[in-house]
Amino acid sequence: MNFSPVTRYKLRNLLAEHPAVQFHRGNDSNGQEYLDRYINLDNLTYPQLNKLEFLIELHEKIKQSEPNQTLQLQYIEQKIFDLIGLQLPVSANTLAVLTSFFSQFAQTKETKNRPPLASANPEALTLADYYGYCQQITEVAARYLGKMIVTNYWLLTRPRESWLAQIQVEQFHNRQFTATDRLLTNHEAETLQQWIHDFIQHCCRILPDLPQILLAARVPSHLLCSLVH
């Protein structure tokens, strides 16, 4: 996988914004050369480069559309720096925030044995909203995997909750279909979001680039944050 110059540029900008890098950089006039010292991708495998590109694109999208999601942004930044082998010092206040945030994720993982989920979008708490998300994801995935495989993967990853029996997976292929606009409980929204997460993860076994493809197709970023682990 060739790491695109555009993505490398974004990674360089992300590093340039880090307080530790700014402190050590000082008045260095050759900023690009200085930042490139931190970026060594030679030892990364294809899956790692693939993941790095996804994390950078996801970080950029959240920063543009939801800049108030600082904890999510810090978490993704930490994953990016970990992936390229950087250990950048942070301030005591930032460290306290990050420690608290990571411990919450660890507790979630212990209790559910799953990657952390982003909180449900308060503007998307109806069944129709999630049908729309699933239809959008299905349309993209089916271009690469075909209708039959995509349908089977939705069925295979459906959580075992009785109320989900009302969800018609075949309608995920029909963008003209509109589900009832009933409000969901927080638990129902989280269950649907978990289903989306599991479906994408299952597709990634044969289509590793799917998260990036979905991001480029403007699938809401909060549905993809759970893929960061």
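Author: Before anything else, a residue is called buried if its relative accessible area is under 20%, exposed if over 50%, and partly exposed in between, with a 1.4 Å probe and protein chains only. By that rule, buried residues make up 46% of the 229 residues in the protein chain. This is a predicted model, in which local features need pLDDT of at least 70 and side-chain atom pairs count only at pLDDT 80 or more, while totals for chains, interfaces and linings use all residues. Residues are numbered from 1 along each chain as its sequence is written, and side-chain values use heavy atoms, with hydrogens and water left out.

Reader: How many helices and strands does the secondary structure of the protein chain come to?

Author: Helices (H or I, at least four residues) and strands (E, at least two) are DSSP runs, numbered from the N terminus. Here the protein chain has 10 helices and zero strands, and along the sequence its pattern reads α-α-α-α-α-α-α-α-α-α.

Reader: What span should helix α4 have, and how far apart are its end C-alpha atoms?

Author: The expected span of a helix is 1.5 Å times one less than its number of residues. Helix α4 covers residues 46-65, and because its 20 residues at 1.5 Å a residue should span 28 Å, the 29 Å between its end C-alpha atoms agrees.

Reader: Which residues of α4 are buried, and what covers them?

Author: The buried residues of α4 include Leu49, Leu52, Phe54, Leu55 and Ile62, and also Asn50, Glu53, His59 and Lys61. Contact means heavy atoms within 4.5 Å, and what covers these buried residues includes α1 (5-16), α5 (70-83) and α10 (210-216). Glu53, which lies in helix α4, counts as buried because its relative accessibility is 16%. In sequence Glu53 and Asp209 are 156 residues apart, yet in space they are 9.8 Å apart, C-alpha to C-alpha.

Reader: Among contacts between residues at least 6 apart in sequence, what share joins residues at least 24 apart?

Author: In the protein chain that share is 74%.

Reader: How many aromatic pairs does a search of the whole structure find?

Author: Rings of Phe, Tyr and Trp (its six-membered ring) pair if their centres lie within 6.5 Å; planes under 30 degrees apart count as stacked, over 60 as edge-to-face and the rest as tilted. The search of the whole structure finds seven aromatic pairs. One of them joins Trp154 and Phe172 edge-to-face, at 5.0 Å centre to centre and with 70 degrees between the planes. This pair links distant parts of the chain, since Trp154 is in helix α8 (residues 147-157) and Phe172 is in the loop between α8 and α9, 18 residues apart. Trp154 and Phe199 form a stacked aromatic pair, 3.8 Å centre to centre with 0 degrees between the planes. Trp154 lies in helix α8 and Phe199 in helix α9, so this pair ties together parts that are 45 residues apart in sequence. Trp154 counts as buried because its relative accessibility is 0%, and Phe199 counts as buried at 0% as well. One aromatic cluster is formed by Tyr131, Trp154, Phe172, Phe177, Trp195 and Phe199.

Reader: Where is His197 placed, and with which side chain does its side chain make a polar contact?

Author: A polar contact is a pair of N or O atoms within 3.5 Å; within protein, one must be able to donate a hydrogen and the other to accept it, and residues adjacent in sequence count only if both atoms are side-chain atoms. His197 is in helix α9 (residues 186-203), and its side chain makes a polar contact with the side chain of Ser226 at 2.8 Å.
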